[in-house]
Amino acid sequence: MFTDSLATELFQLKQNNLYRQQKLLTSAQGAWVEVDGQRLVNFSSNDYLGLANHPKIKAAFKNAVDEYGVGSGASHLISGHSKAHQQLEQVLCEWLERPRALLFSSGYLANCAVISGLLNRHDAIFQDKLSHASLIDGAKLSSAHLYRFQHNDVSHLNELLANSSAVGKESKKIIATEGIFSMDGDAAPLKELSQLADQYKAALLIDDAHGLGCSGIEGRGSIALAGLTAAQAPLLMGTLGKALGTSGAFIAGDETLIEYLLQKARPYIYTTALPPAIAVATSAAIAIVRTENWRREKLTEHIYFFRERAKKLGLKLANSQSAIQPLFLGNEKLGDVELTLTVGEKLFAQGFWVSAIRPPTVPQGSARLRISLSAEHTREQLQDLLVALEKSL
């Protein structure tokens, strides 16, 4: 029977320590959370600036529900595009210095939309090998020729571009990367990538889900930090559910790019718009991100403190200067799945929630504990986590 084969696969996942299970969160997001009835310090969230439970953002959301109701009712192009959505797009454009922005219900949809909307089977896309699954799936949906270059390897990308059958033709080309990589926490060489994009007449697409809000002037993210202009990085994808603390995503670009996506991107055209109250709450969050620089400063202090102390303990962290601090366990840099799970469980028992990341989310042999830092954490919580790690290894 059909389900018998599924049951066999599920059993195999359990045998290989790759079976995933939900944990029940019974509190709001924050530095402290309650999970499965246990109070824990949360090092497993993407709430990098501590905004997911911010009182001003919650108040904006509640007031907007009274004005707009709960659901948007339809897709943007039917009857779901409200004044709240329009205002958020304008706020995003002003903040990020882009002519236009287009809202999506998730970062996954946004990445699938921008790639499948702009490219077809005659075109080509060049992606970092560690790019998020949504970028890979967007490429598959587009039917474009997919080339994957070694992680942050500009020379390999140059080789692929030079040898691509798409080069020198009328076909469109996109170079896609994450600004800050979600599982490794390291930064892409954006300046070098933009130079190659210019050389080969390709558009540079940057998924800045984990950089937006956390770096750059007013939290404008990886592009601003790298000193790139909008022309050098014409396609920006950003999510609203990480540093901004709400939900959803957007694509920002020039008039022609965004208008083309509005007309052609199926994940935009055929998806219900995100709730208007979320849009209002996000506008409130952006105001906080732009003005409260202390949040980024505190997060940066946490990163330096944690890395310095971890190094003294001999912990094998990835080369990350971001809020994402992967800890590899096992021999050298090779992450051992069973050991990673065991240490994660020991930390949980001691009151710390740290996600154990395993294949296929990360490549084989690179399981890790993904320690996620937030401006809401205290120095004492970082110190306590380090002590618990030392006990658990």
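Biologist: Let me start with the ground rule: two strands pair if DSSP finds at least two bridges between them. Which residue in strand 2 is the bridge partner of V35?

Modeller: The partner of V35 is Q38. Before we go on, this is a predicted model, where local features need pLDDT of at least 70, side-chain atom pairs count only at pLDDT 80 or more, and totals for chains, interfaces and linings use all residues. Residues are numbered from 1 along each chain as its sequence is written, and side-chain values use heavy atoms, with hydrogens and water left out.

Biologist: Good to know. How many helices and strands does the chain have?

Modeller: There are 15 helices and 13 strands. Both are DSSP runs numbered from the N terminus: helices are H or I with at least four residues, strands are E with at least two.

Biologist: And what does the chain span along its principal axes?

Modeller: The C-alpha trace covers about 60 × 55 × 55 Å. The radius of gyration is 21 Å, which agrees with the value near 21 Å for a compact globule of 393 residues. That radius is taken over C-alpha atoms, and the globule rule is 2.2 Å times the number of residues to the power 0.38.

Biologist: Back to V35's neighbourhood. Do strand 1 and strand 2 pair in the parallel or antiparallel sense?

Modeller: Antiparallel, over four bridges, with strand 1 at residues 32-35 and strand 2 at residues 38-42. They form a hairpin with two residues between them. One of the residues in the turn is D36, which has a positive phi of about 50 degrees although it is not a glycine.

Biologist: Why point out that phi?

Modeller: Because most residues other than glycine have a negative phi.

Biologist: What else does strand 2 join?

Modeller: Two bridges join strand 2 to strand 11 (residues 352-353), and this pair runs parallel. There, V41 stands opposite F352.

Biologist: How do helix 4 and helix 12 cross?

Modeller: The axes of helix 4 (residues 83-96) and helix 12 (residues 276-291) come within 8 Å and cross at roughly 25 degrees. Axes are lines fitted to C-alpha atoms, for helices over the stretch in contact, and angles run from 0 to 180 degrees between N-to-C directions. The two helices are therefore roughly parallel. For that label, angles under 35 degrees count as roughly parallel, over 145 as roughly antiparallel, 65 to 115 as roughly perpendicular and the rest as oblique.

Biologist: Which residues of helix 4 and helix 12 make the contact?

Modeller: Among them are L88, V91, L92 and W95 of helix 4, and A279, V280, I286 and V289 of helix 12.

Biologist: What about helix 5 and helix 10, at what angle do they pack?

Modeller: Helix 5 (residues 107-118) and helix 10 (residues 255-264) pack at about 95 degrees with their axes 9 Å apart. That makes them roughly perpendicular to each other. A113, V114, G117 and L118 of helix 5 meet L257, Y260, L261 and K264 of helix 10.

Biologist: Last one: where is P360?

Modeller: P360 lies in the loop between strand 12 (355-357) and strand 13 (368-372). The peptide bond from P359 to P360 is cis, with omega near 10 degrees.

Notes
Contact means heavy atoms within 4.5 Å.
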